[in-house]
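Please work through the exercises below with the model at hand. Each task is followed by a solution in steps.

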Amino acid sequence: MTVLSLFRQVVENRFDPDALDSLVSFGGRPVIGFLDTGFPEELAIAAGFQPMLLTGDPRSGTGTADPYLDLSAPDRVRHLIEAMVTGRYDSVDVLCVTGGDRWLANTHGFLEAYRQISATPDFGDVYYLERVRGTYREHRDYNLHLQREFRSYLQDRSGAAIDDDALAAAITLTNETRSLLRAVSALRKQDAPRISGTDAHTITVASMLMPKPDFNDALRQFLASEVPTAAAQSPGLKRVFLSGSSLDHGRLHEIVEALPAVVVGEDTEFGDRYAQAPVDPSIDPMEAIADRYTFKFPEPWAFGVKRRVGFRTDAAVAARADCEVFLHLANDTSVGWDFPDQRRALQERGIPVLALADQDYAFADAQAISEKVAEFLSRLHGEHNTMRKAEAEA
Amino acid sequence: MTGLQSVPLAEAKAAPAWKGARSKKRLASSAEATALNRAYTARMWQDIANGESFVFGYGPMELFNAMDLYLVLPVQYGSVMAAKQLFEHYQGAIDDRGYFRSLANYESLPLGYCFNPDPETAPYGGLPKPSAIVGGYMTEPAIYELYAREFGSPIYLMDDPHRQASVPPRWWEGRDWRNEDMINFNVREFEGCVRFLESVTGKPYSETRLREYLRRADEMAEYYWKITDLAYKSAGPAPFTASEAYTEVGIFETHFGHEWALDHVKGMYREVKDKVENREAAVEGERIRLLWGGTPLWFNLGFYNAWEESHGAIFVETMYLPRAQRMMQPDRSNALRAAYLRRHMKYTGPSPKSAAELVVAQSRDYRIDGVVLPARGATRESSASSRFMAEALRREGIPALFLDYSPFDNAAWDEEAMRAQVTEFIEQIEGSR
């Protein structure tokens, strides 16, 4: 089996922690599920847990969850809760819900209320880790305080103290993961890249499912032995950058790359951005974790329009994108308030933008999206990315 | 900024032309509330036009009131825009900038004025540059950042974490269950806001003055609590309905702590007490009492009166006056802490489970025959609870009906279909007796 096929299998089996355990061995560690990339994996790893991203399944219906969900619940959350209430994550020992995105945060209250209705499935412990939305000094200090409380919880739950050495080791490990993922990202930015956007997305999601040491080893092997022999993407393909709503599955990448085109980067949390902002290993580990999770790229629900737009524009330019596709999932009310500024900034840098507004999480009408993106790409003229290449190199 | 009674009502702006039916108001204090609000609003816009400082945004009203700062809420201004049939006009200006139509809400609608400033069309002659933007109790911070940028006003963003691991049973009766660290964080946010407001408006903050406002606010809350209990828990028919309660919202939501507002509530209490003692019903022959569990239909308040004559069915509400019980903060030694605690409880409850428990208790206490809930919440906070509220009600044998409506998009409202659903619901309740 190639490393890439292992990553694909891992992602394919993400709804079955037991199958994942068989595939990549959790080593007897209890599993802690998390819902977004604001979860401080370092603390879980240091406490001897296996952190694992929980996602919805775009292939499933939502009939079990629907009776308990408001009509304005975003589709991503609807599918995630469907996966939970249909028992897909039964064997997760602890579920940590992080604050920030209001709907994802509401999962905590949802599960508490659902337990009154049904004893099954068993969600295990559900921990709520608040995360405030700004970067003021008080916000960072409060995040630090909450993360210390979470550390205490993990210690109580595991029965073992988390010492700073273990935490430092976990930081080294996750930083290594980020560093390797940045290497993947850099390869995607080359002319005629040898890693597709779809595969890069799979690799990134796999990093949130596998034990980090095993993932790091596998990714090193992939970079050393599989990438050099992989077929390069055709140099004539349009280079597409993805932005907007976070997608925890790869269907949009697949749709775009089937046109064909190549997705050379994303500014979403399950894309390139997961690899950014390493935890500072040179300072107190708790302080470093608080800094990382407070000051990393501001999510759409956080303060910081100007910072977000600047980051996103720079990311698309650095990827030497020919264009950007901005996805807005229906009811994702955080995403979209930056869009006009982002579009203007990108257009000023010569990058046209296509908005896919009010889309469903599963892309039920993939054909319509494919046609829309194809039509958009067909209108792009000229030698692609020449100007942006010079700009990125400068 | 006080002395409202000196403003002749004739100077107040005419009430907006509602698309929907006007509601019936059967309390003299409802007419007074409307008049007081109009007078306050007229004075406020006059003062603002004369250069008086005002805050555009959301946050602890008692604090703004105690600092003599007018507060214009985006959601309030947006609802007036919609009521004046200007939703499409201003939403169109937002659309033209490239924002997705599906993001539209009352909170963001005034952005349309920022993008297309037309004082001759806009309510109250348009929005001058605010002294400050304060983003508190927000759903999306980006909206407030856009206001600050478009107006060129300084901004203070406050976060408001409120979820906690667990909430005790009958949480609305206790005061000591909230997480102390969370309270302290929120109070620090308020402290930052106070310094910001002092800096940008030149208005001083006085702890003792806020305490005095809070004392009056608590007195008002106690009266509202008594009014609600008298009206809905007494054995006889209700002396007022949701219509009168919603008329009171202007004062309830923004004028807590003003002396004139306290005087008004005292008068309302006397009026309701008299009516209860004399068994004067808002609707003669009241046979069915429904609880409206969502955001009101501000564009169509007459909806709540539609079944009074035909079915003897009245609506009462849960999101405003009944909240008074959980607002009082007798310990005002730290005024900002008290200001935080009295406001930050969310409309339906701090979690779906606690909201479900509350709506069941209220339904029993208020002798409710059926509850109407929003299928699509106005905000993501309250909407997360509706389904569990319905489930808990059904377990207790209390029927619940979901209505799919948008509280701000009157164009999407289907009066006939909505009335048909409520009629069927009422007749099912009647049939089950």
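Residues are numbered from 1 along each chain as its sequence is written, while chains are lettered from A and ligands numbered from 1 in the order in which they are written.

**Exercise 1. Determine how confident the predictor is in chain B and in the complex.**

Step 1. Two residues are in contact if their C-beta atoms, placed from the backbone, lie within 7 Å.

Step 2. Where pLDDT is low, the predicted coordinates should not be read in detail.

Step 3. For the complex, the predictor gives an ipTM of 0.94 and a pTM of 0.93.

**Exercise 2. Describe the overall form of chain B.**

Step 1. Chain B has 17 helices and 8 strands; helices (H or I, at least four residues) and strands (E, at least two) are DSSP runs, numbered from the N terminus.

Step 2. The radius of gyration, taken over C-alpha atoms, is compared with the globule rule, which is 2.2 Å times the number of residues to the power 0.38. Chain B has a radius of gyration of 21 Å, close to the 22 Å that the rule gives for 433 residues, so it is as compact as a globular protein of that length.

Step 3. Along the principal axes, the C-alpha atoms of chain B fill a box of roughly 60 × 50 × 45 Å.

Step 4. Of the 433 residues of chain B, 52% count as buried. A residue is buried if 20 or more other C-beta atoms lie within 10 Å of its own, exposed if 12 or fewer, and partly exposed in between, with C-beta atoms placed from the backbone.

**Exercise 3. Characterise the side of chain B that touches chain A.**

Step 1. In chain B, 36 residues are in contact with 42 residues of chain A.

Step 2. The elements of chain B that give two or more residues to this side are helices H6 (141-151), H7 (180-201), H14 (352-365), H15 (380-383) and H16 (386-395). H6(B) supplies the largest share, 5 residues.

Step 3. By class, this side has 16 nonpolar, 7 polar and 13 charged residues. Ala, Val, Leu, Ile, Met, Phe, Trp, Tyr, Cys and Pro count as nonpolar, Asp, Glu, Lys and Arg as charged, and the others, Gly among them, as polar.

**Exercise 4. Decide whether A:Asp332 is buried or exposed, and state what it touches.**

Step 1. A:Asp332 lies in the loop between strand S7 (323-329) and helix H13 (339-348) of chain A.

Step 2. A:Asp332 has 26 other C-beta atoms within 10 Å, so it is buried.

Step 3. Leaving aside neighbours within four places in sequence, A:Asp332 is in contact with A:Pro74 and A:Ser245.

**Exercise 5. Locate A:Ala192 and B:Tyr124 and state their phi angles.**

Step 1. A:Ala192, although not a glycine, has a positive phi of about 45°. A:Ala192 sits in the loop between helix H7 (164-188) and helix H8 (197-207) of chain A, and is exposed, with 12 other C-beta atoms within 10 Å.

Step 2. B:Tyr124, also not a glycine, has a positive phi of about 60°. The loop that holds B:Tyr124 is between helix H5 (111-115) and strand S3 (132-135) of chain B; with 18 other C-beta atoms within 10 Å, B:Tyr124 is partly exposed.

**Exercise 6. Give the strand order of the open sheet of 4 strands in chain A.**

Step 1. The order is S6-S5-S7-S8 (chain A), with parallel pairing; two strands pair if DSSP finds at least two bridges between them.

Step 2. S6 and strand S8 (353-359) of chain A stand at the edges with a single partner strand each, so one side of each is left without a neighbour in the sheet.

Step 3. Strand S5 (residues 239-244) of chain A is joined to S7(A) by 5 bridges. A:Val240 has A:Cys323 as its bridge partner in S7(A).

**Exercise 7. Explain why helix H3 (residues 74-83) of chain B is largely enclosed.**

Step 1. In H3(B), 8 of the 10 residues are buried, so the helix is largely enclosed by the rest of the structure.

Step 2. The buried residues of H3(B) pack against strand S1 (54-58), strand S2 (70-72) and helix H4 (87-96) of chain B.

Terms used
Predicted model: local features only at pLDDT ≥ 70, side-chain atom pairs only at ≥ 80, totals over all residues.
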